[in-house]
Amino acid sequence: MAATTATKRDLEAMLKDSSKSPLTILEYIHDHKLHEPAHVLKLGLPLRKSNLAPSQLLSILEQITIAALHQKNNQLVTETLTQIKASTGAKSLRYRKLLALCLESSKDFEAALGIYNDMLSENKSNVFALKRKYAILRTHLKDIEARECLNDYLEQNASDAPAWAEMAKSCFEQGDYKGAAFCYEEIVLSSPMDTGVHCTLGELYVTIGGKENYVLARKHFAQCLELEKGCIRAMFGLVSATECYLELMESSTGASSSSSSNSNSGKKRGKEDWDEQDVELVRDLKAYGVEHLIKSFKGTSMSGLVESVLSNSEN
């Protein structure tokens, strides 16, 4: 956010500086991916028939076309697209990319998808085509096809954290919590200091359930508390993860004992599955979480309810 504010401030200064050429300002807008269609049209239109190098002219025409799309100036879109086609040919990627965007703008999504699919048949790593294809499929609720497209994209761009977050969202919607946890494990690699990511991962592992997942949940909630002291969300998560762990332990050892009432072997086998030191640690962590939460809400309107719920969880 700060960087965006700074670049916009710099753009405003450039617009007031008479020594800055329109070409320089347009390049700045392009390089910093600023959404300034009005400025692009004002500065770019006079340059359409100037003696610029072919590469510079094509870049400006591309900017003008996209700006015209945002401004819903269909006549200008047609003019610049025709000029680009005449310069590059109908088979060029630059022309086809812009044509597909124009088709999307006119809501001819099938034709746009056809162009993106052609691009991907030529180069399956075409990031632009993969992103636009996914956006169309996602918008039209074609969940299976959209997920396959996003999978293809992530195979080529495994370090794209926002894409993993998008995949996690898709997994959530389909109730695939294991898939969502996998996505967030990828996200945490690029954002190891993000407390929200650690909390979400912890909550996912509690939701999935099972001894190993409760241990993983505990670790992520603990990591969050190390990064953000007293985080209420993480503290509630820690209490939930430890309580689930203890309940699973009690049901497991109880079932083992009852199934072998005439023998000590079954009871012994049940206890061997649970490390006594780890169980004690979990009990201590739960007690710590409960105590901290009760103190945190003391004196608030939620105090009685929180204390009642957490006290019952200790029994």
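Helix α2 buries L23, I25, L26, Y28 and I29, where buried means under 20% relative accessible area with a 1.4 Å probe and protein chains only. The model is predicted, so local features need pLDDT of at least 70 and side-chain atom pairs count only at pLDDT 80 or more, while totals for chains, interfaces and linings use all residues. Residues are numbered from 1 along each chain as its sequence is written, and side-chain values use heavy atoms, with hydrogens and water left out. Helices are DSSP runs (H or I, at least four residues) numbered from the N terminus. After α2 comes K33, with a positive phi near 55 degrees.

Helix α2 (22-31) also takes part in the largest pocket, where it supplies at least two lining residues, as do α3 (37-44), α4 (54-70), α6 (93-105) and α8 (127-139). The greatest share, seven residues, comes from α4. A pocket here is an open set of points on a 1 Å grid over the protein atoms alone, where a 1.4 Å probe fits, with protein on both sides within 12 Å along at least five of seven lines; lining residues have an atom within 4 Å of a point. The space amounts to about 700 Å³, a volume filled by probe spheres set on points joined across faces, edges and corners. Of the 22 lining residues, L34, H35, I66, A67 and H70 lie nearest the centre. The lining comprises nine nonpolar, six polar and seven charged residues.

Turning to helix α9 (residues 143-156), this element contains R147. R147 is buried, at 18% relative accessible area. Beyond its neighbours within four places in sequence, R147 is in contact (heavy atoms within 4.5 Å) with M167, S170, C171, Q174 and D176.

Notes. Ala, Val, Leu, Ile, Met, Phe, Trp, Tyr, Cys and Pro count as nonpolar, Asp, Glu, Lys and Arg as charged, and the others, Gly among them, as polar. Buried means under 20% relative accessible area, exposed over 50%, partly exposed in between (1.4 Å probe, protein chains only).
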